[in-house]
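Take a look at the structure shown here. The report that follows walks through two residues and one interface.

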Amino acid sequence: MKVLLWMVAAVVAVAVLVTSVPAIAHHASGPFYDNEKRVEAIGTVTKFVFRNPHSFLYVDAPNAEGTMIAWEIEMGTAVSMSRRGWTAETIEAGDQIKVVGQPSRAPGTFGMCCAELTKPDGTPIRP
Amino acid sequence: MTVCHTLAVARGTTAGVESALSVWRASENQAIWWADGTGEAEMSVRSNRIRRVLTRCLCAMLLVVFGGGMAPAAFAQSGADPSEVPDLVGVWDGGGRVRPVNGPNMPWVPGENFPVLNERGSAHQAVFDEAIASKYDCVPSASPALQYDPYMMDVTQWPDRVLFRYEKDDQIRTVWLDGREPPLNEFTVQGFSVGRYEDGALLVETVQFVFDITGFDDYNGIPSSQQKRVTERYWRDGEELRMTLTVEDPMFLREPVSYTTRWLPGPEGYKLQLYACSAEEAGHPRKFLIPKYH
């Protein structure tokens, strides 16, 4: 039983590692994003910009009222992500995706950082 | 000029090669001037020329065998004892698997090595607004932050210089080993670096930095001035590359501060990637913060 628990824990840990967006090393996230809040968006990828010093993922997702929100999800540098197997094609426009992360601070903006990315059913997005 | 003397100079520095050749050319011109139209002198000049041609051939062969074979291997500055020269050549990994990633408390740890600012430094920090940090316009990171950025670094040792290439921001620093002095009025983002080998380590001193509103680190709004002086000591500890860095900047700091860090060898055959900072993406997060002054 203990072995089984350890195996489950290991699988969960690997899944979290695989799906977490690489940390932002270019700047502190605190001034831009509220690390005490979490937001979730499930929608369609419209663009994935794989660049330095930050990559950005654009997702259109409806909010609770059904209004479509254009989310801009900040990710790590392309240089660092590519060492983990990411490419500009890892995520493509039209992909369905679930994003959970910290919301941006400026009123009226829909930025997100430090996000975990999965498919809507929770399966990991692998590079 | 003897073959050995020429070779020694040439091995010392690239400038040495140019210097040796210019002396050669000067002596050749002098011999022709001495000829003065007499047959005896012409004979003497001809035999001198033949001797010089043979000497050049020999020198060229020796340079190819010894000089060419060495570059860019570590040989050190002129006169350095090769046994004192650490092998720093290669791609080095400074990423998260090697050391804690940089942040507001790393590598400057409150209560340990975090800098004590003077009144001027404190005033600058108090009015600093993240929105105006120049990195959001792709201005590259500089010492002492650049060395702790979590990216790869490529080191090449030449007889007269050491090149540090940083994957972060595509930066290159040249550390001159040939004794040259910093240009009086030249100030740059990465400053002017000179170095020497000592006790199995490379010592680097860098001055002539431009004023930088976030020139101390990427996270705490601490500026650095043209009085910033950065001293680095690099040495090998087994497979690790280690460094202790010290910053002095009397314009903003009460006293020098230091951190020590390490790199591990990068992946076999790894070549630095192009960073090509995108100004559009660098400034993108600005829209998500609330500016201090609005």
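What follows covers one residue in each chain and the contact between the chains. Keep in mind that this is a predicted model.

**A residue in chain A**

Start with Asp60(A). It sits in strand β2 of chain A, which spans residues 56-62.

Now look at the surroundings of Asp60(A). Leaving aside residues up to four places away in sequence, Asp60(A) touches Gly43(A), Thr44(A), Thr46(A), Met68(A), Ile69(A) and Ala70(A). Trp71(A) is eleven residues from Asp60(A) in sequence, with 6.1 Å between their C-alpha atoms.

**A residue in chain B**

Turn to Glu205(B). This residue lies in strand β6 of chain B, residues 201-207. Glu205(B) has a relative accessible area of 31%, so it is partly exposed.

Which residues does Glu205(B) touch, not counting those up to four places away in sequence? They are Phe192(B), Ser193(B), Val194(B), Arg196(B), Arg229(B), Val230(B) and Thr231(B). With Arg229(B) there is also a polar contact, side chain to side chain, at 3.2 Å. Ser193(B) is twelve residues from Glu205(B) along the chain, and their C-alpha atoms are separated by 5.5 Å.

Here are the two C-alpha pairs side by side.

| Pair | Apart in sequence | C-alpha to C-alpha |
|---|---|---|
| Asp60(A) and Trp71(A) | eleven residues | 6.1 Å |
| Glu205(B) and Ser193(B) | twelve residues | 5.5 Å |

**Where the chains meet**

Next comes the interface. On the chain A side, 28 residues are in contact with 30 residues of chain B. The size of an interface is often given as the accessible area lost when the parts come together. Here chain A and chain B bury about 2,300 Å² between them. Carbon and sulfur atoms carry 60% of that area.

How many salt bridges does the rule find across the interface of chain A and chain B? There are four. Arg51(A) forms a salt bridge with Glu281(B), and their closest N and O atoms are 3.8 Å apart.

Which elements of chain A give two or more residues to the side that touches chain B? They are β2, β3 (68-74) and α2 (78-83). The most comes from α2(A), with four residues. By type, the residues on this side of chain A divide into 13 nonpolar, ten polar and five charged.

Definitions and conventions
Residues are numbered from 1 along each chain as its sequence is written. Chains are lettered from A and ligands numbered from 1 in the order in which they are written. This is a predicted model: local features need pLDDT of at least 70, side-chain atom pairs count only at pLDDT 80 or more; totals for chains, interfaces and linings use all residues. Side-chain values use heavy atoms; hydrogens and water are left out. Contact means heavy atoms within 4.5 Å. Buried area is the accessible area (1.4 Å probe) that two parts lose on being put together, summed over both. A salt bridge is a side-chain nitrogen of Lys or Arg within 4 Å of a carboxyl oxygen of Asp or Glu. Ala, Val, Leu, Ile, Met, Phe, Trp, Tyr, Cys and Pro count as nonpolar, Asp, Glu, Lys and Arg as charged, and the others, Gly among them, as polar. Buried means under 20% relative accessible area, exposed over 50%, partly exposed in between (1.4 Å probe, protein chains only). A polar contact is a pair of N or O atoms within 3.5 Å; within protein, one must be able to donate a hydrogen and the other to accept it, and residues adjacent in sequence count only if both atoms are side-chain atoms.
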